[in-house]
Amino acid sequence: MKLYLVLLNCLLLTVGQVGGPLLARTYFLHGGKRRWLSAWILTCGFPIMLLPLAVSYYSLAAKSKTTQSPGRFTLTRWLFAASAVLGILLGLDSYLYSFGTSYLPVSVSSLLGSTQLAFTAVFAFLIVKQKFTPYTVNAVVLMTFGSAVLGFHMDGGVVPRGESVERYALGFFMTVAAAALHGFLMTALEYVHTKAGVPLTFDLVMQVQFVISMFAAVFCTVPMIINRDFQAMAKEAVEFDLGETKYYMTILLAAVALQLMIIGSIGLVFSSSSLFSGLVTSFLVPTQQVFAVIFLREGFDAAKGMALAMCLWGFASHLYGEHKAAATSDSKQPTPRNHGDEEDCPADV
């Protein structure tokens, strides 16, 4: 079951991480200007989780009738409160990410977002006492320098047309801040899971994901009401370059895709670890690059190529380190004795 959960969450994360940022960037490229709306799109897709939660609830109710065990949700009060706090932080992280996406191409924002692996590794070491290896340190350094390459080339061909260097720099630092907060969130979620005191089940993962996404959506909804963004959507849809229908389709598909990304990311923390979730996220960066070049016609210069190579090198280094550590652990396990060997040994006189 754990392996199936890992594979399922990897699939959801892949679909969401590749499609979500492309749709979010499409919103800004064709006339979208409201960042709180973009942040709300990141989190408002949580109602799609009501279906699996309903199935889970009725399956628990049916099971309780046959086993005479209480059919209830496994979410404790402490876990609910911790999930609510993490949801508010996720809402803030969504705003930072949407702000950076409004000024940066997908190819740049995805590379910068991959630095969350470095932040996740640091927070995992400090909070959940994750063990470091030379390969992990190498991956962190390479990821960090990959982002620094983009930062030092702000005055070159990296800055997209129509954007100033100042706005690009602001989007750059906001995206890095979002990556740092995301790394902390994933590690904090792993810590909450270890301290929850309840067994890991598919039902528990779905309930935690729903609470986190719901509070993140509430956090982003309040500023939208204050800024009257809901009322402004009708006017923005009319002025959208691709048309009113595609405006609402872009928002709807982006909300679904980004919610799948959140579900997959949180699910990997529960079914594996926060560090593995960061690894999968960084591994998907090359796929984002390819789709951004194909569908959004973004350029791909030497600076982006060098940053991408460093990200891939860092991921490969960490993956090799994990493989080597697993092989070393297996070799240290004691070999079972053959009872037949005892008969060949001379008896003590």
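Predicted model: local features only at pLDDT ≥ 70, side-chain atom pairs only at ≥ 80, totals over all residues.
Reader: Under which UniProt annotation do residues 204-226 fall?

Author: The record is an unreviewed entry, and the annotation covers residues 40-58, 78-97, 103-128, 169-192, 204-226, 246-268 and 275-296. Its positions follow the numbering used here, feature names are shortened, and annotations may be inferred rather than shown by experiment. The name given in the record is "transmembrane region".

Reader: How many helices does the protein have?

Author: The protein has 0 strands. One stretch, residues 169-192, is 100% helix, with end C-alpha atoms 34 Å apart. The count of helices in the protein is 15.

Reader: What distance does helix H1 reach from its first C-alpha to its last?

Author: Helix H1 covers residues 2-29, a run of 28 residues. The expected span is 1.5 Å times one less than the number of residues, which comes to 40 Å for H1. The reach in the model is close to that expectation, at 40 Å.

Reader: Is Gly-16 buried or exposed?

Author: Gly-16 is in helix H1 and is in contact (heavy atoms within 4.5 Å) with Pro-21, Ala-257, Leu-260 and Met-261, leaving aside neighbours within four places in sequence. Gly-16 and Ala-255 are 239 residues apart in sequence, yet 9.4 Å apart in space, C-alpha to C-alpha. Under 20% relative accessible area a residue is buried, over 50% exposed, and in between partly exposed, with a 1.4 Å probe and protein chains only. Because its relative accessible area is 0%, Gly-16 is buried.

Reader: Which residues more than four places away in sequence does Ser-38 contact?

Author: Ser-38 is in helix H2, residues 35-43. It counts as buried because its relative accessibility is 5%. Leaving aside neighbours within four places in sequence, its contacts are Phe-28 and Ser-98.

Reader: What is the volume of the largest cavity?

Author: On a 1 Å grid over the protein atoms alone, a cavity is a set of points where a 1.4 Å probe fits but cannot get out. Points are joined across faces, edges and corners, and the volume is the space filled by probe spheres set on them. The structure holds 2 cavities of 30 Å³ or more. The largest has a volume of about 490 Å³.

Reader: Which helix gives the most to the lining of the largest cavity?

Author: Lining residues have an atom within 4 Å of a point. H1, H4 (77-103), H5 (106-113), H8 (165-195), H11 (244-271) and H13 (285-295) each give two or more residues. The most, 7 residues, come from H8.

Reader: What is the phi of Arg-228?

Author: Most residues other than glycine have a negative phi. Arg-228 is in the loop between helix H9 (202-226) and helix H10 (229-239), and is exposed, with a relative accessible area of 52%. Its phi is positive, near 55°.

Conventions
Residues numbered from 1 in each chain as written. Heavy atoms only, no water. 1 Å grid on protein atoms, 1.4 Å probe; cavity = no way out; pocket = protein on both sides within 12 Å on 5 of 7 lines; lining within 4 Å.
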